[in-house]
Amino acid sequence: MTAKYALRFGALGYLALLLLLPVGLVFYRTFEHGFHPAWAAVTSPQALHALWLTLIIAAIAVPLNTLFGVVLAIALVRHRFPGRGLLNAVVDLPLALSPVVVGLSLYLLYGTGGWLGGLAGHGIKILFALPGMILATIFVSLPFVVREVVPVLREIGTDQEQAAETLGAAPFTTFRRITLPAIRWAVCYGVVLTTARAIGEFGAVSIVSGRIEGKTETLPLYVQSQFEGFNTTGAFAACVVLALIALATVLAMRMFRPKEGAA
Amino acid sequence: MGITVVEVSKKFGEFVALDDVSVAIPEGSLTALLGPSGSGKSTLLRVIAGLEEPDGGQVLLGDDDVTHQPARARGIGMVFQHYAAFKHMTVWENVAFGLKVRKRPKPEIEHRVHELLGLVQLEGLAKRFPAQLSGGQRQRMALARALAVDPEVLLLDEPFGALDARVRKELRAWLRRLHDEVHVTTIIVTHDQEEAMEVAGQIVVINHGRVEQVGTPRELYDSPANEFVMSFVGPVNKIGDTFVRPRDISLSPEPDGDGAEAMVERVVHLGFEVRAELVRDDGQHLLAQLTQDEAQALELEPGMIVYAKPSRHTVFTR
């Protein structure tokens, strides 16, 4: 009995000290002088632009990664082809690689003298612009949908798909009517994780964006720039916006997690 | 529609699943593919279904060569061992799936699904999900789903394998009656010789990817083509090179010429049938099958000495 409570309070205390206390402090500092200064800070044109940019990047990166993630998961689980093992390993690369490395590699590829650096001369601006930031975000948030969908595809097996086939369903009908409904919660869960990662990304985007105020500044970059400029109210208020988005994400995640034992 | 399999081979890596298999399944028959696990019987069924492409050979449905046609174009109905129920659909939607995919008019679908749910005795459960059904109900749903599209051929892959013994027996009898009603050419894959004999009119015995024998249950039991079939379709005593069915061993309490002396080790009562395990004085073990009356007349009990004589035996020349 005692051991059970010790474990429970130990775990809660650990989480409170390491997670809740710092995040709670941000909330406290943001609203320490009342609601209005914080509201004014997050509704400044620069802050709104950063929020807008962050949402645009997520709105492009998340659907692409979802589509690609589902296709890749099906390829990895349902098909045998040369290089499958390698592909499976490469998918995890963004999880293992520091975002700074991702940013620098994109910088090398698209920068002046890089293999694709010539694109800038043709009017296609990748670095220090939206396309580069989207590429960096896609890179770092790529594995989540794949990693959520793969185990579910394995678990449901091929029986239902084959049954549908014998009943006359063409491959795409089988995917739409049988496979997709079976993996839908995993896809939702993957989308939520991808969104969280896309919105919070700092390192890679920081390098490829060039951090041009009011132009290529996402919300996390805005927080950093305000903090460095001693505008703590602005930094903390933006932090609260990020934290609220994260909170909404976590809640969405809980909603999408299938109940134990449910089919 | 009859099914003809001509010289079909299939390998999985180095493993030979089917080795030059030829079988003819008559139209309207109920045929069992019988063999131990890994014998290739399921692979043969999946080749016929179009879920597995053979390395060589042909599959004909009626007169059509369907070897390279996908499963969806073959007009078959298939039932899987683990039901393969569409978990996110109700019983009704499961059964209607094939008709909806074929874009049949709604009233026709309504009518057909209703009719089939009646046939498989699931009328009251149309709105349930598969997770809310028992194993036997799920398998009946799977059968209705397969029958909904009016298949030319019905293929059952160990359909009762995941069910408990009592439900299995019920469903076998039910399948037999269903086949008498519907008359669709049916193949059932099983590793259970009793199931094959009870349900099927024709049995194809398969082992190591080859057809060992094709025949009626009676033919297989009474005149097995080889040692494998003999021992697979029923219990058997092997005495040197001769094979004797347990029911062909007659026991007498007194020496009667050529009967060999044996001691009763164990007596198993299975209702009408009684099995006696014997050991001869040369160490040979024997299994004898008697009726309850015979066992009573002999007053069989462990430790007793009897005289065992094969009334009929089989020798295979190699």
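Angles under 35 degrees count as roughly parallel, over 145 as roughly antiparallel, 65 to 115 as roughly perpendicular and the rest as oblique. The views below come from a predicted model, in which local features need pLDDT of at least 70, side-chain atom pairs count only at pLDDT 80 or more, and totals for chains, interfaces and linings use all residues. Residues are numbered from 1 along each chain as its sequence is written, while chains are lettered from A and ligands numbered from 1 in the order in which they are written.

**View 1. Helix 2 of chain A meets helix 13 of chain A.** Here the axes of helix 2 (residues 35-42) and helix 13 (residues 232-256) of chain A come within 8 Å and cross at roughly 80 degrees, so the two helices are roughly perpendicular to each other. Axes are lines fitted to C-alpha atoms, for helices over the stretch in contact, and angles run from 0 to 180 degrees between N-to-C directions. Helices (H or I, at least four residues) and strands (E, at least two) are DSSP runs, numbered from the N terminus. From helix 2 of chain A, A:Pro37, A:Ala38, A:Ala41 and A:Val42 meet A:Thr233, A:Gly234, A:Ala237, A:Ala238 and A:Val241 of helix 13 of chain A; contact requires C-beta atoms, placed from the backbone, within 7 Å. By class, these residues are seven nonpolar, two polar and no charged. Ala, Val, Leu, Ile, Met, Phe, Trp, Tyr, Cys and Pro count as nonpolar, Asp, Glu, Lys and Arg as charged, and the others, Gly among them, as polar.

**View 2. Helix 3 of chain B crosses helix 4 of chain B.** With axes that come within 9 Å and cross at roughly 140 degrees, helix 3 (residues 106-119) and helix 4 (residues 135-148) of chain B are therefore oblique to each other. Helix 3 of chain B contributes B:Arg112, B:Val113, B:Leu116, B:Leu117 and B:Leu119 to the contact, and helix 4 of chain B contributes B:Ala144, B:Leu147 and B:Ala148. Seven of these residues are nonpolar, none is polar and one is charged.

**View 3. An open sheet of six strands in chain B.** Look for the strand order 6-7-8-3-9-10, with mixed pairing; two strands pair if DSSP finds at least two bridges between them. Strand 6 and strand 10 (210-215) of chain B are the edges, each pairing on one side only. On average, neighbouring strands are turned by 15 degrees against each other, direction ignored. Inside this sheet, strand 3 (residues 30-34) and strand 9 (residues 202-207) of chain B pair in the parallel sense over four bridges, and B:Thr31 stands opposite B:Gln202.

**View 4. An open sheet of three strands in chain B.** The order is 11-12-18, with antiparallel pairing, and the edge strands are strand 11 (237-239) and strand 18 (314-315) of chain B. Three bridges join strand 11 to strand 12 (residues 242-244) of chain B, where B:Ile239 stands opposite B:Thr242.

**View 5. The surroundings of B:Glu152.** B:Glu152 lies in the loop between helix 4 and strand 7 (153-157) of chain B. Beyond neighbours within four places in sequence, B:Glu152 is in contact with B:Met1, B:Leu61, B:Gly75, B:Ile76 and B:Thr185.

**View 6. Chain B touches chain A.** In this view, 21 residues of chain B are in contact with 16 residues of chain A. Strand 6 (76-79) and helix 2 (91-101) of chain B each give two or more residues to this side of chain B.

How values were computed
Two residues are in contact if their C-beta atoms, placed from the backbone, lie within 7 Å.
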